[in-house]
Amino acid sequence: MGTNKVSITVNVNGTNVAADVYPEESLLDFLRNRAGATDVKCGCAKGDCGTCTVIFEGRTVKSCLVLAAQADNKTVLTLKGIEQDELTQQLQESFVVHGAIQCGFCTPGMIVTARSFLEKHTNPSRMQIKQAMSGNLCRCTGYKKIVDAVEDVASKKTGKQIGG
Ligand code: FES
Ligand code: FES
């Protein structure tokens with residue numbers, strides 16, 4: 001790590017967190033190690049798995065691919081920051097009902113991605129859901145149950161029958 005640290009302040013789930021970070025420090029490391037946001041998981045640290053997905057300035061990003069310094073004076077929401085949201089709760093319940101959680105390691109990133117997607121798409125097709133979730137990897141469930149869980153919430157939003 002370089003020695004010249006950068007002073008940053010990031011709003012994480014509504015609370016300002018200030019720290020001196022290394023220029024190459026990732027937002028993921030900042031969130032977990034300095035902001036206590038351990039609901040953000042590290043699966044690969046190189047942009048492949050999506051477990052580290054958060055909402056950064058209103059957009060979902062893989063936080064391992066963002067530098068902490070880029071988040072100075074910006075806003076980050078992790079799953080914990082949106083857990084009271086109705087859509088988030090519907091998704092969490094649907095994941096449980098559909099057996100879309102096994103080890104649970106991928107789940108926070110999956111829920112953040114699904115919630116952001118459903119917020120913007122009111123009547124998505126199953127293929128659109130698959131595409132939206134394609135950046136989030138799961139070693140356990142085989143994906144069908146995850147897509148079923150998201151599709152179920154989407155269908156309840158629109159009154160559409162699953163598979164219709
Ligand atoms: S930890 Fe960021 S994509 Fe895997
Ligand atoms: S439930 Fe284990 S990685 Fe997805």
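Helices and strands in these legends are DSSP runs, numbered from the N terminus. The structure shown is a predicted model.

**View 1. The loop residue Ala45.**
Ala45 is found in the loop that lies between helix 1 and strand 3. Although Ala45 is not a glycine, its phi is positive, at about 60 degrees. Ala45 has 16 C-beta neighbours inside 10 Å, so it counts as partly exposed.

**View 2. The hairpin of strand 1 and strand 2, with Asn13 in the turn.**
Seven bridges pair strand 1 with strand 2 in the antiparallel sense. Within this pairing, Thr9 stands opposite Ala18 of strand 2. The two strands make a hairpin with two residues between them. Asn13 sits in the loop between strand 1 and strand 2, and its phi is positive, about 50 degrees, although Asn13 is not a glycine. With 21 other C-beta atoms within 10 Å, Asn13 is buried.

**View 4**
Strand 3 (residues 53-56) and strand 4 run antiparallel and are joined by four bridges. One residue pair to look for is Ile55 with its bridge partner Thr60 in strand 4.

**View 3. The largest nonpolar core.**
This core holds 43 residues, and those touching the most other members are Leu31, Val54, Val76, Met133, Ile146 and Val150. Two or more residues come from each of strand 1, helix 1, strand 3, strand 5, helix 2 (86-97), helix 3, helix 4 (126-133) and helix 5 (144-158). The element that gives the most is helix 5, with six residues. Domain 1 (6-78) and domain 2 (83-158) each supply at least three residues to the core. Not counting residues up to four places away in sequence, Val150 touches Leu91, Ala114, Ile129 and Met133.

**View 4. The contact between domain 1 and domain 2.**
The domain assignment divides the chain into domain 1 (6-78) and domain 2 (83-158). Their C-alpha centres are 22 Å apart. Domain 1 brings 13 residues to the contact and domain 2 brings 10 residues. On the side of domain 1 that touches domain 2, strand 3 gives the most, with three residues.

**View 5. The two faces of helix 4.**
Ile129, Ala132 and Met133 are the buried residues of helix 4. These residues cover an arc of only 90 degrees around the axis, and therefore lie on the same side of helix 4. Exposed residues Met127 and Gln131 are carried on the face turned away from the buried side of helix 4.

**View 6. Thr141 between helix 4 and helix 5.**
Thr141 belongs to the loop between helix 4 and helix 5. Thr141 has 21 other C-beta atoms within 10 Å; a residue is buried at 20 or more, so Thr141 is buried. Apart from neighbours within four places in sequence, the contacts of Thr141 are Ala100, Gln102 and Ile146. Thr141 and Gln102 are separated by 39 residues in sequence, while their C-alpha atoms are 6.7 Å apart in space.

Methods. Residues are numbered from 1 along each chain as its sequence is written. Chains are lettered from A and ligands numbered from 1 in the order in which they are written. This is a predicted model: local features need pLDDT of at least 70, side-chain atom pairs count only at pLDDT 80 or more; totals for chains, interfaces and linings use all residues. Two strands pair if DSSP finds at least two bridges between them. A nonpolar core is a set of buried Ala, Val, Leu, Ile, Met, Phe, Trp, Tyr and Cys residues joined through C-beta atoms within 7 Å. A residue is buried if 20 or more other C-beta atoms lie within 10 Å of its own, exposed if 12 or fewer, and partly exposed in between; C-beta atoms are placed from the backbone. Domain bounds come from an automatic or database domain assignment. Two residues are in contact if their C-beta atoms, placed from the backbone, lie within 7 Å. The arc is that of the directions from the helix axis to the C-beta atoms.
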